[in-house]
Each structure stands twice: as structure tokens, then as C-alpha cells.
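Here are my notes on this one. Have a look at the model first, then go through the points below.

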Amino acid sequence: AVSKFTFTYPNPTRQLLTTTTRTAEATRSNSVPNARPETTTLKTYSGMLDERDMKEQPNGSDIDEIESESEYDSGDDIDIEAELNDDSVELVSPDQSAQLQSSIGVDKDGDLIVARLRKGVIEIEHRKSTVLNLVGLQIWRGALLLADYILHNERKFRNSHILELGSGVGLTSIVSSMYAREVICTDIDIGGLLDLLRDNIQRNVHLSNPNCRMSVCELDFNVSYQDYPRSLKDQLQNVQYVLAADVIYDDDITEAFVRTLVSLLLELPKLKAIYIALEKRYVFTLEDMDSVAPCYDYFLRCFQKRNNRFGVNRWKLINVCMNFPRYFDYDKVKDLVLLKICHATK
């Protein structure tokens, strides 16, 4: 089937407000202490928000920390806490307020021209159901969650080099190509998956950044990094971000996936972070007498075992806060998880 996935482009007003707010903070930090210039109160909201997007995220015992603050050092993430809190306001000086108001237009009758959120459509050919070893031919919620995160943090991924593991039918890679300089789409070559991936990329080429290079190649988790083709190894040397969505559903695949992650963390000199989106799938077991998410728990154990192999945690596993807006229309269930892995020294 060919399905159309409608999304909302990020609101440029939010980006302008964030830039203005940071400028205001920098100005205040360099001004006379306790000086209070005249201010204008301003609120803004973007994306599609649900009450469930606002819920506090639980802190799992196997996860080092919760990523709830913006990474101001890189200027990539956006502090969304203020945007999502109904009682929060941003204080903007008159000059900065004028800058914001200058972007607001009126028609010839003096009526306000309301800026409409720009929408886009991604067309994806996929299967509605498959056997277990062909699940990459389906669309999973983790891909939509990761696509939301990319849209919300577009500045982080702009002009970057991205590798996606287990690209499937390509939705996340296509969204990445809107901002990235290069996207390497990978998966196993089974059931015509890579051909379908190429077709979907071509079907949505009009959405991509014209300067973005997209390539499709096979990458099997069961193949060690040393056995990768030389051309692929050379291409991976520029990768800054690795993405993976819904690749944790089988213990054997999970073990191979963790080995692949460790190899990439060790071998890629420019790698900044790995983002993994997944949905916890709960089952009731007599052993635990409770509902558990065995695949998710097994991934955490496998990664921790590799991470602490020499008695020191070499990498951080971070549970990314989930209160960013939905840009795609899907059910953002509470069992969705977004993890970030980065070097412990960064």
C-alpha cells in the first residue's frame, strides 16, 4: 500500500522567539546587576500538543540521567519547557518585541494576516503486515517519533551527516534529508526492502534539501565493522548522528544491534550521538507476576554489559524527555521511548 503521512513544518515564530530570548539573556548578563528594562510579555506555541506529551518521564534504574534541558553549548536543542507550560511567559524588551512584531503583517484593510502552519506530505509504499523477518517493510510508531524529534530540533541536524540503521521503508531518512548534508540509509537486503527504500526516497525527493546526498546500502547487524566494504567505511567517517527506530524486538537481533552500536562508537571519529526510538511492548509473565517489557529490558542489559566491560562506563545512555510536539498525526502512546547514547566525556 502507498500511504500519505501529513506533517506540520516547525513554526518559524518559535525559532525567532528562542533566538530573541537568548539574545535578551545575553544582554541581561552583560548589563548592570538588578537593572530591569521595560519588558513586553509574549507567549507562543507550536506543533500539535497532547496532555500525554506533557507527562513527566519516569527515570529507569538502568538509565544514567534524564535529558530535560537544552544543550545550549551546541545551540542545537530548544528549551521546550517554557513553551509547553501554560503559565510560562517570555520577557522581551521593546526593541526585541518590535523585531517580532515586524514579522506580523496586515492586509490592505488593516486586518491581521494570520500565519498558517505549513504542511507537507510524505508518500510511503509499505506493507500492512509481514512475517517477523520482514517487519522493516512496515511503518512503526518509533519512526514517526524520531521524525518528530528531527523536525523539532532541525538546527541540530542541519548540514549534518546522518546514518540510519534499519531504515526500513525510509520515513525517518526522508525527514532527515530535509535538513542534513548527507543521509546514509541502511538495512538488510531481504524481500526487496532496499529497492523499496530507494523507490520511496525517489518518490519524496522534492522534500529533500537540494544539497543533501542520499545513499542506500546494505548493513547487516551480524556483520562486524571490520568486514564492511571499504567504500562504506570511508563514507561513515563523516557521520555525526546515528538514528535507529524500532529495531529492538528480538533478542538475537538486539545483541547484534548493540555490537554494531559499540563498533560505531569506537570507530566513527566525528560521531556526536546515537538516537534510538522504540515502543515498549509489555507482556505478562508468571516469573515476574507482572507486565514487563522484555525486549526493552534485554537491550538495557546488553548495552550496560558492553558499556561496563572494563569496569568504567564509556558511554552515557540518556532517556530523552518526550514533551516535544507532534508534527505527524499518530498516536503518541506512553510506551514510546527515545534514547540517546553519547560518549561519557562529552
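1. Helices here are DSSP runs of H or I with at least four residues, strands are runs of E with at least two, and both are numbered from the N terminus. On that basis the chain has 10 helices and 14 strands.

2. Keep in mind that this is a predicted model, where local features need pLDDT of at least 70, side-chain atom pairs count only at pLDDT 80 or more, and totals for chains, interfaces and linings use all residues. Residues are numbered from 1 along each chain as its sequence is written, and side-chain values use heavy atoms, with hydrogens and water left out.

3. Mean pLDDT (the predictor's confidence in each residue, from 0 to 100) is 79 for the chain, with 71% of residues at 70 or more. Residues 15-92 fall below 50, yet beyond near neighbours in sequence that stretch has 141 contacts (heavy atoms within 4.5 Å) in the model.

4. Of the 346 residues, 49% are buried, meaning under 20% relative accessible area, with exposed over 50% and partly exposed in between (1.4 Å probe, protein chains only).

5. Take a look at α4, residues 141-152. Of its 12 residues, 11 are buried, so the rest of the structure largely encloses this helix. Among the buried ones are Asp 148, Tyr 149 and His 152.

6. Asn 159 sits in the loop between α5 (154-157) and β6 (161-165) and is partly exposed at 42%. Asp 246, in the loop between β9 (241-245) and α9 (251-267), is buried at 10% relative accessibility.

Notes:
Expected span 1.5 Å × (residues − 1).
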